Every structure is written in structure tokens, then in C-alpha cells.
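Keep the model open as you read.

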Amino acid sequence: MLKNVFRITAAAALMTSVSVYAADTLRVAADPVPHAEILAYVHKIDPDLDLKIIEIPNGVNSNELLAHGDIDANYFQHRPYLATQEKALGVKFAVAAEVHIEPLGVYSSKYKSFSQVPQNAKVAIPNNETNLSRGLYLLQDQGLITLKPDIKGLATPLDIVGNPKHLKILEIESPQIPRALPDVDLAIINGNYALEAGLDPAKDALGLEKAKGNPYANILVTTQKLAQDPRILRLAKDLQSQQVADFIKQKYHGSVLPVSAANN
């Protein structure tokens, strides 16, 4: 109940705050790291774009804000997650740009290699269906579990057919997993939450998703109505520019990858 009250209160406060900007201001909701940081760099190199960056607190669904017209775009999610949101909200959004990839990582505060992981180890994994599936495939890539070979759609723990270490899968909300790291043996953490927690995915993760061919690029999303708005098109062009790609590579040192670099 308290969590729901927080979400309602936070969303109401946010909607009030974003309603006071001029009609030509482009209101973009984003996770603080790295999305808002990347947008701040865009604002630096293109100051004539009237861009208002709105950092979204945990528990506020910026797709709901977008559907209700309280923001003009958001930048925090990948296509598979967007598809689940469109289904849940009964809305069809528009993808304006693919920008970067945050490889999902496996972390541990107790072990330096997967060979040290004991029997019956506890593994924290995101509880939303898309990142849960990503996490399971990442565990398989590291040789910790085996999934059914003929899975149609997203993988779930019920699809595990091999588990030699008898790992205990604990489904936890993604933003809470970094805090749970000391209490589990392994934790699968989204790149943005790892960065916010002071982790360096390129250095600290025991294993990372492969970037090449990764379908989980983070995207700029807007409404169907605004898909051809000149402000959206300009922001999309900026986000996909070589300048922004260079900024991402230099700032995040492989923990965040511009789509152009990951696909080369």
C-alpha cells in the first residue's frame, strides 16, 4: 500500500512540475544515469533545442506520463519492454531513435569467478518479464544453467532444464537489486542501475551480455502524434550523431555502448 501511495504521489508531483513549461519546450523523461546525462550532453552541443530533461524517480512509469500527454517523449527503455507496456496500457507509441546499449551484467560481492559460486547459491534477477528472460539467457551464456532449446517467446525459470549448482532464482524489482547484492551470491543488474550504484560494468561484472546483435538497445520513444514533430526529429538526429557516440564511449568506457559501435 505504501509503495502505491508513493507512486501516486510522485507521479502527481511530476505531472504538476512538467505542466509549467512553454508549449514549444520538448519535455523528455529519462532515468538519471546514463540517459539524463546523455540528454544533458545533447543540450550542451545543441543549446537551441528547447529541451527539458525530467529525471524519473523509481516507481513512476514514464510511459503512463507519455500516454497521458504529461511529457513529449521518454528515454529509458528497450523495444521488448516497450512492447509489454503498449500491451498493458493499450497504447501504440513511436520509436524515434535507437541510441545505446547497456549490457546486462552478473555481479558478486563475494566471489571473483563463477567457479567459486557454491551449490544452492542465491541469484537476484530482475522480476519484469523482459529482463528476467535476458537474465536467464545471460546465466546460460556463463554456463550456470541450461534452458529449453525450443522456447517460444520470453524465458522464465520454468524453462530451466539444467541447473548443476541448484541456483536459487530470486525475482526482485530491478532498481532494488544493487542494494540486495551483499545478501545474495550473484546479482543480475541492469547497466543503468549498476552505474547509479557506483559499479563499473566493464570492470566489475563477472559476465556481461554480448553487445553485437543485442536486441535491447535503449530508445527514444514518443507518441504517434509527435513522431514527425521537428523537435523530436532534431533530438533523434542529435542522439544518433557521432558526437554523442563519442561522448558515450569516452564517458562510460564500454559500460554503455552507442548502437553504432555495438553493431560494427
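Here, contact means heavy atoms within 4.5 Å. Helices (H or I, at least four residues) and strands (E, at least two) are DSSP runs, numbered from the N terminus. This is a predicted model, where local features need pLDDT of at least 70, side-chain atom pairs count only at pLDDT 80 or more, and totals for chains, interfaces and linings use all residues. Residues are numbered from 1 along each chain as its sequence is written, and side-chain values use heavy atoms, with hydrogens and water left out.

Start with helix H2, residues 32-45: at 1.5 Å a residue, its 14 residues should span 20 Å, and the end C-alpha atoms sit 19 Å apart, which agrees. That expected span is 1.5 Å times one less than the number of residues. Among the buried residues of H2 are Ile38, Leu39 and Val42 (buried means under 20% relative accessible area, with a 1.4 Å probe and protein chains only).

Those three, Ile38, Leu39 and Val42, meet Leu235, Asp238 and Leu239 in H9. By class, this contact of H2 with H9 has five nonpolar residues, no polar ones and one charged (Ala, Val, Leu, Ile, Met, Phe, Trp, Tyr, Cys and Pro count as nonpolar, Asp, Glu, Lys and Arg as charged, and the others, Gly among them, as polar).

Now for the sheet. Its six strands form an open sheet in the order S2-S1-S3-S12-S4-S13, with mixed pairing (two strands pair if DSSP finds at least two bridges between them). S2 (51-55) and S13 (257-258) stand at the edges with a single partner strand each, so one side of each is left without a neighbour in the sheet.

Note on methods:
Buried means under 20% relative accessible area, exposed over 50%, partly exposed in between (1.4 Å probe, protein chains only).
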